[in-house]
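Walk through this model with the sequence beside it. Keep the coordinates open as you read.

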Amino acid sequence: MFVSSQALSTAEHLVDAPLLYKGKVRELYDLGEYYLIVVTDRISAFDYVLDPAIPYKGDVLNRLSAYWFQQTADLLQNHVVHTDVLKLGAVAKDPLALKNRIMVTRKAERIDIECVVRGYITGGGWRQYQTGGSINGIELPEGLRKNEAFPEPIFTPAAKNDVGHDEDIPFEKMEELVGAGLAAELRDKSLALYEFARKACAEKGIILADCKFEFGLVDGQVILIDEIFTPDSSRFWAEDKYALDVEIDSMDKEPVRAYLSGTDWDKNSAPDPLPAEVVEETTKRYLGIYERLTGKSLLGL
């Protein structure tokens, strides 16, 4: 059994550098020339950070991002400088505790658009379609079925909000916010990245249903930042679980969502701690998707 003592809820006591931002999962520290991103094991659902943290989750997210950043480097430059905790020197107070969960990155000017690509009609896209027959202003044919593949992937951006939910917007609104040229570049790069990963996932028996990207600017050049193709930023389905008109058990924190949905939690206050069996099953999910995508066992088992 994976015990919660293995999980890292925060790295503030482990890093000797100013903390700039603490997100639901990631913490951003200032190294002067570069940023230091530490990926914790925190997990969120329904806009709440939950207790306890999930062992190995941050390790999986960080290693998967590093893997995909390397795989896609020929398509687009990214913000990674290195992922070697030993290069941090005295900044890392406990290198062993931070091993495999750090990423030193270039300082990019974040573009405040979440770039979402959908290959299948599901999740929030399906809910939009049911309400008005469109997704982010893209009119779609009548009669589409839940989880059906689009003939071609669609680009559905969102305006980023640091507080509250990101706001789904039509492409025309994105053009107003960032300019037509940059909007087109981000759309085209997002679609190319999705197509690359979709093919790679298919070879592993995995469907990449949808995903999101963040981009930044360095010296006027667009680069990839944040994370890519992780269970927290993408929807993965096992091919043998794929079906229409049902809720597909996705390869991520689904055990947490399913557990919470089956309780009487009102979603307006912090929920009770997750049971040990839910924590363990969620850890197994994250370790499993890492192994399926990379062909390597994170634990070396």
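Predicted model: local features only at pLDDT ≥ 70, side-chain atom pairs only at ≥ 80, totals over all residues.

Numbering starts from 1 along each chain as its sequence is written, and side-chain values use heavy atoms, with hydrogens and water left out.

Start with α1. Helices here are DSSP runs of H or I with at least four residues, strands are runs of E with at least two, and both are numbered from the N terminus. α1 has 15 residues. Its span from first C-alpha to last is 21 Å, close to the 21 Å expected at 1.5 Å a residue. The expected span is 1.5 Å times one less than the number of residues. Several α1 residues are buried, among them Leu61, Leu64, Trp68 and Phe69. Buried means under 20% relative accessible area, exposed means over 50%, and partly exposed lies in between, with a 1.4 Å probe and protein chains only. The buried set in α1 also includes Lys57, Asp59 and Asn62.

Of its 13 lining residues, Arg63, Ala66, Thr83, Asn100 and Tyr290 are the closest to the centre. α1 and α7 are the elements that give two or more residues to this lining. The largest share, five residues, comes from α1. A pocket is an open set of points on a 1 Å grid over the protein atoms alone, with protein on both sides within 12 Å along at least five of seven lines; a 1.4 Å probe is used, and lining residues have an atom within 4 Å of a point.

Histidine 79 is buried because its relative accessible area is 3%. Beyond residues up to four places away in sequence, histidine 79 touches Phe69, Met103, Val104, Ile223 and Asp226, among others. Contact means heavy atoms within 4.5 Å.

Now the cores. A nonpolar core is a set of buried Ala, Val, Leu, Ile, Met, Phe, Trp, Tyr and Cys residues joined through side-chain atoms within 4.5 Å. The largest one holds 59 residues, and Met174, Phe213, Phe215, Phe229 and Phe236 touch the most other members. A second, separate core has 15 residues, including Leu36, Val85, Ile102 and Val104. In soluble globular proteins, nonpolar side chains tend to be buried together. Phenylalanine 236 is in contact with Ile206, Leu208, Phe229, Met251 and Leu293, among others, leaving aside neighbours within four places in sequence.

Turn to leucine 274, in the loop between α6 (254-261) and α7 (276-294). Leucine 274 counts as buried because its relative accessibility is 6%. Leucine 260 is 14 residues away in sequence and 8.6 Å away in space, C-alpha to C-alpha. The contacts of leucine 274 include Leu260, Asp51 and Pro52. Proline 52 is in the loop between β5 (48-50) and α1.

Next, the loop between β11 (138-139) and β12 (149-155), where lysine 146 is found. Is lysine 146 buried or exposed? Lysine 146 is buried, because its relative accessibility is 13%. Its side chain makes a polar contact with the side chain of glutamate 247 at 2.3 Å. A polar contact is a pair of N or O atoms within 3.5 Å; within protein, one must be able to donate a hydrogen and the other to accept it, and residues adjacent in sequence count only if both atoms are side-chain atoms. Lysine 146 is also in contact with Trp126 and Leu244, among others. Asparagine 147 lies in the loop between β11 and β12. Its phi is near 80°, a positive value in a residue other than glycine. Asparagine 147 is buried because its relative accessible area is 1%.

Aspartate 226 has a positive phi, near 70°, and is not glycine. Aspartate 226 is in the loop between β16 (221-225) and β17 (234-238). At 25% relative accessibility, aspartate 226 is partly exposed.
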